[in-house]
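Please go through the model below with the following briefing at hand. It covers selected local features and then totals for each chain.

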Amino acid sequence: MTETITGAAAPAVDSAAGISDTETRRQPSSSRPAGARPRTRRRTGAGAILGLTPFAFYVVVFLAAPTVVAVASGFVDGQGRFTLSNLTGLAEPAIAGSFFGAFWLSAVTAVVGAIAGAALCFAMLGARQGGVTRSLVDSASSVLAQFGGVMLAFAFIATIGAQGLVTVLLRTVAHVNIYENGVWLYTVPGLILPYLYFQIPLMVITFMPALEGLRPQWLEATATLGGSRWTYWRRVGGPILLPSFLGSLLLLFANAFSSYATAAALVGQANNIVSLQIRQALISETVLGRANLAGAMALGMLLVMVVVMLAYSALVRRTARWQR
Amino acid sequence: MTPAGEARPRRQRRAPQLRLGPGPAVRAVIWTVLGLFFLIPLFSMVEFTLRSAKPGVYSLDRWVALFSGETTRYDRVYQGLGNSLVLAVVTVAIVLLVLLPTIVLVELRFPKLRRLLEAVCLLPIMIPAIVMVVGLAPTYAVVTQLFGSGSWTLAFAYGITVLPYAFRAIQSNVGAVDLVTLSEAARSLGASVGTVFLRVLVPNLRRGILAASALSVAVVLGEFTIASLLSRVNLQTSLLLVSQSDPFVAVIFALLALVFAFVLLVVVDRLVSVRRRRTAKG
């Protein structure tokens, strides 16, 4: 078993690992004598079904209901009548632009984060599993992937804010003013570095299990057949890792696209990405019916997420083949 | 244990080109570049808290003032911290009292529902917190009527937020233990259902439970979106508020929370892997 706490921090991530879990589970049971099999098939009493209700109730009330309410609120107007006008509101330049901004930001940070994160995983290949290095990197990744938001805004203001350590050092020592054309930290391009600060750790968490799934035997087999390390990566390792790399990349995209806290803490009043646009619609009391526009934007966001996650699960299914 | 221990040195000696990872030079470059990227912002935060009124002069005054407990200026942060700790406890309670029994029950009695449970538990990844918030307001109107407006009620929403993490942690442990055989062995020795769960199954799942709890605590301490938009006070919202009047204190608290979550996860991860190695040997 290769599970660690941090492996678990990548929930959807390795559904593939989930599959291999059940796979290893099944093996001992199939090797059990046939006579033991019927024991598991037992009459499922009413009491057992009752035992599922607390969780079902909880999920319906706090997961299903809010989601349905959020989407449904996009289809009613201020008086509670059915309308499609909120959906047409999505075409407003400011809102369409915020979707585009979030899309662009998520794509850039997902690609850069995936490459940098994969490089870090690659560099960690030598570290022993369950060793101290792995523990430290895993735990740090878990914390940093989660601890976005306010703390991240502080960190980057202290680093590359107008009076940040790096800004001042560059100005006084190297005579380079990174803010020559105005302060960009609080704009969308300024979010790239802070976003990478949680994207790279997420990549480490999600991609490391796949990289560890590479069997040394495959490398040995390639070498036996006269292949070099380059042949191995190009013809064996690369093709096997590609689906999980792309899957992790999609997960990073989804992560950035749905992120709110960092932007909210850093950007302040501007609403250039969609999650900030939703905040604006939720808290503005001045324009009537704006709250329902939030519902329409929530629907738009959800659609993007569903498409991304469907592609992700398709990729994970491909990955699963090699992780048995 | 032994065969692997023998195989490794032999492979290295025989054929250095069979090394899978990068060479020492490439590795050093990767570690240095990424290490700097992650350490410089943290170092900058520390440097920021040590700045004094005179540029270039550093002092520990702010840290000392914070821990001397003399001023009441930080009451709001302490309130937020207190709320977040309560939220963490209630969220872990939800995970242990609602999610854990369900996973065990599905494993023992409804194996066909395993896929469905997994899908439901991973769903919150797909639904951004900001989307949930849009729909949470009516739900919380009801919650407030039933339980009052105490800040701990936010834990109901957080239980959903941590669901994917907690599920993965517990499920990977469940996958490694044959719960069916264990529970039937205990039942045949006359144990009641409660005894089976508490004294047989839970001890066998302690690694997963520990990991799920630690992750839940880390997630709750870092949560901002839902608290902020439902106008609740938790650690992160109070930090953002305080940062507008006293950025130094906010940064100190952010650093402390970060270190706390990191140490918590390292300790749990070490506990888990030490135990695993011991069980592997025995």
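B:Trp152 sits in the loop between H6 and helix H7 (155-161) of chain B; helices (H or I, at least four residues) and strands (E, at least two) are DSSP runs numbered from the N terminus. This is a predicted model, in which local features need pLDDT of at least 70, side-chain atom pairs count only at pLDDT 80 or more, and totals for chains, interfaces and linings use all residues. Residues are numbered from 1 along each chain as its sequence is written, chains are lettered from A and ligands numbered from 1 in the order in which they are written, and side-chain values use heavy atoms, with hydrogens and water left out.

- Together with B:Val86, B:Val142, B:Leu146 and B:Phe147, B:Trp152 makes a nonpolar surface patch of about 470 Å².
- Patches are made of residues with over 30% relative accessible area and no salt bridge, with like charges joined within 9 Å and nonpolar side chains (Val, Leu, Ile, Met, Phe, Trp, Tyr) within 5 Å.
- A salt bridge, in turn, is a side-chain nitrogen of Lys or Arg within 4 Å of a carboxyl oxygen of Asp or Glu.
- Helix H6 (residues 129-147) of chain B gives the largest share of the nonpolar patch, three residues.
- B:Thr153 is also in the loop between H6 and H7 of chain B, and B:Thr153 counts as buried because its relative accessibility is 0%.
- Leaving aside residues up to four places away in sequence, B:Thr153 touches B:Tyr140, B:Val143, B:Phe147, B:Gly148 and B:Arg232 (contact means heavy atoms within 4.5 Å).

**Helix H8 of chain B**

- Helix H8 (residues 163-174) of chain B has 12 residues and should span 16 Å at 1.5 Å a residue, which agrees with the 16 Å between its end C-alpha atoms; the expected span is 1.5 Å times one less than the number of residues.
- H8(B) is largely enclosed by the rest of the structure, because 12 of its 12 residues are buried.
- Among the buried residues of H8(B) are B:Arg168, B:Gln171 and B:Asn173.

**A:Ser141**

- A:Ser141 is placed in helix H6 (residues 132-146) of chain A and, at 6% relative accessibility, counts as buried.
- Apart from residues up to four places away in sequence, A:Ser141 touches A:Pro201, A:Val204 and A:Ile205.
- The C-alpha atoms of A:Ser141 and A:Leu202 are separated by 6.6 Å, although the two residues are 61 residues apart along the chain.

**Cysteines**

- The count of disulfides over all chains is zero, a disulfide being a pair of cysteine sulfur atoms within 2.5 Å.
- A:Cys121 is buried at 0% relative accessibility, and B:Cys121 is buried with a relative accessible area of 0%.

**Chain totals**

- Chain A holds 14 helices and zero strands, and 53% of its 324 residues are buried.
- In chain A, 72% of the contacts with a separation of 6 or more are between residues 24 or more positions apart.
- Chain A has an accessible surface of about 14,200 Å², with 66% belonging to carbon and sulfur atoms; areas come from the Shrake-Rupley method with a 1.4 Å probe, and for residues only the protein chains shown count as cover.
- Chain B holds 14 helices and zero strands, and 50% of its 282 residues are buried.
- Of the contacts in chain B between residues at least 6 apart in sequence, 73% join residues at least 24 apart.
- Chain B has an accessible surface of about 13,400 Å², with 67% belonging to carbon and sulfur atoms.

Notes
Buried means under 20% relative accessible area, exposed over 50%, partly exposed in between (1.4 Å probe, protein chains only).
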